[in-house]
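User: I have a model open and would like to go through its architecture. Could we begin with the overall picture and then turn to the packing?

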Amino acid sequence: MTLNRRKFIGQTAAVAATSAFVTGLGRVASANCPAMEPDRSSRSAPTTFVATWPFGKQACEAALKIFGETGSMLDAIERGIWVTESDASNASVGIGGIPNAAGAVELDACIMSGPNHQAGSVAGIQNILHPISVARAVMEKTPHVMLVGEGAYNFAIAQGFEKINLLTEQQRLAWEQWKASRPAAPDSAPQIDPDHHDTIAMLGLNEQGDLFGGCSTSGWGYKIPGRVGDSPIIGGGLYVDNAIGAAGATGLGENVMRHCGSFLVVEMMRNGASPTEACEMAIRRIAETDPKALEELEINFIALNKAGEFGAAGTSAGFQYAVTNGQFSRIIDAKSLSAKSIGPEGGNRK
């Protein structure tokens, strides 16, 4: 049975969606009326969290609450993402995630701290509920940036994380149905459905202008065991530059990681683009060199700059993102891009 994990947010025809952002003065502006380059030396903004997809709203609200209690942005990012990792009804992250082709749930996650440009990451980890927390432990307790597979699991157990079965009964039955419906390939490699991929990426900014981010996913549903996408790759699914801004990605990881997507978005902001413009420019850059039709890229970005401006753009119809700060908490339609909207200059098209 094919499950499209984005159905719950309501697939709609691509529309010219408004992508709003908040300046340090609290002004809300349209993505079609971008702000001028922020004065990063003097402007401050309220503590703000931005996350992918409507399910990111609850995570952002939890992050803001945790920050108010602990004063730690890393705690806020980590425990905000816990909300999504703990949601068994979410088939894209944590427990309840769609398993790989062998029926095992493999999780990927990373976290970044802007002030000291630190990062931690885990990939292909099994039987651990909160991979975002293991990624933070890698960042804070080892000289490494990334641990994978069995090594990541053993490290987590040594750090006191509990072993847990991540495969829910619902996903086990769906996997068995999927497996029974797939013809055996000559090389025994499973065929993979490209609709099974989503992620929570979360970005955070405190009132001092420091930036943080985290990303967590169960990856491409029914993937070849051992496959790793962009989510745990620093510069792919997440990138934080404390002098400029932060960006995160969701969608088909292979099409993000081949272009260092989140790093590219931050670099566009470095060159003066607003967050929404930067996301759009990164997608256009990728479309210029990628041989796929734009609709097949399945790439979506969120961005947050040091002045507190935020935005998003994507190729997935109905891509939305969540923003929470001390003034409001809402779900926003991202700027929607298509082959038609980019036009002939967008690159090679089918």
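**Overall picture and packing**

Analyst: Of the 350 residues of the protein, 59% count as buried, where buried means under 20% relative accessible area, exposed over 50% and partly exposed in between, with a 1.4 Å probe and protein chains only. This is a predicted model, in which local features need pLDDT of at least 70 and side-chain atom pairs count only at pLDDT 80 or more, while totals for chains, interfaces and linings use all residues. Residues are numbered from 1 along each chain as its sequence is written, and side-chain values use heavy atoms, with hydrogens and water left out.

User: How many helices and strands does the protein have?

Analyst: There are 10 helices and 15 strands. Helices (H or I, at least four residues) and strands (E, at least two) are DSSP runs, numbered from the N terminus.

User: What share of the contacts with a separation of 6 or more comes from residues 24 or more positions apart?

Analyst: Such residues account for 68% of those contacts; contact means heavy atoms within 4.5 Å.

User: Turning to strand E4, how many of its residues are buried?

Analyst: Seven of the seven residues of E4 (residues 107-113) are buried, so the strand is largely enclosed by the rest of the structure. On one side these are Leu107, Ala109, Ile111 and Ser113, and on the other Asp108, Cys110 and Met112.

User: Which strands pair with E4?

Analyst: E4 is joined to strand E5 (residues 118-125) by six bridges, and the two run antiparallel. E4 also pairs with strand E8 (residues 211-217) in the antiparallel sense, over six bridges. Two strands pair if DSSP finds at least two bridges between them. Met112 has Ala119 of E5 as its bridge partner, and Ser113 has Phe212 of E8.

User: What about the hairpin of E4 and E5?

Analyst: Four residues lie between the strands, and His117 takes a positive phi near 50 degrees.

User: How do H7 and H8 pack against each other?

Analyst: H7 (residues 261-270) and H8 (residues 275-289) pack at about 125 degrees, with their axes 8 Å apart. They are therefore oblique to each other: angles under 35 degrees count as roughly parallel, over 145 as roughly antiparallel, 65 to 115 as roughly perpendicular and the rest as oblique. The contact is made by Leu264, Val265, Met268 and Met269 of H7, and by residues of H8 including Pro275, Ala278 and Arg285.

User: And helices H2 and H3?

Analyst: H2 (residues 73-85) and H3 (residues 131-141) pack at about 155 degrees, with axes 8 Å apart, and are therefore roughly antiparallel to each other. Among the residues in contact are Trp82 of H2 and Arg136 of H3.

Technical notes:
Axes fitted to C-alpha atoms, helices over the stretch in contact; angles between N-to-C directions.
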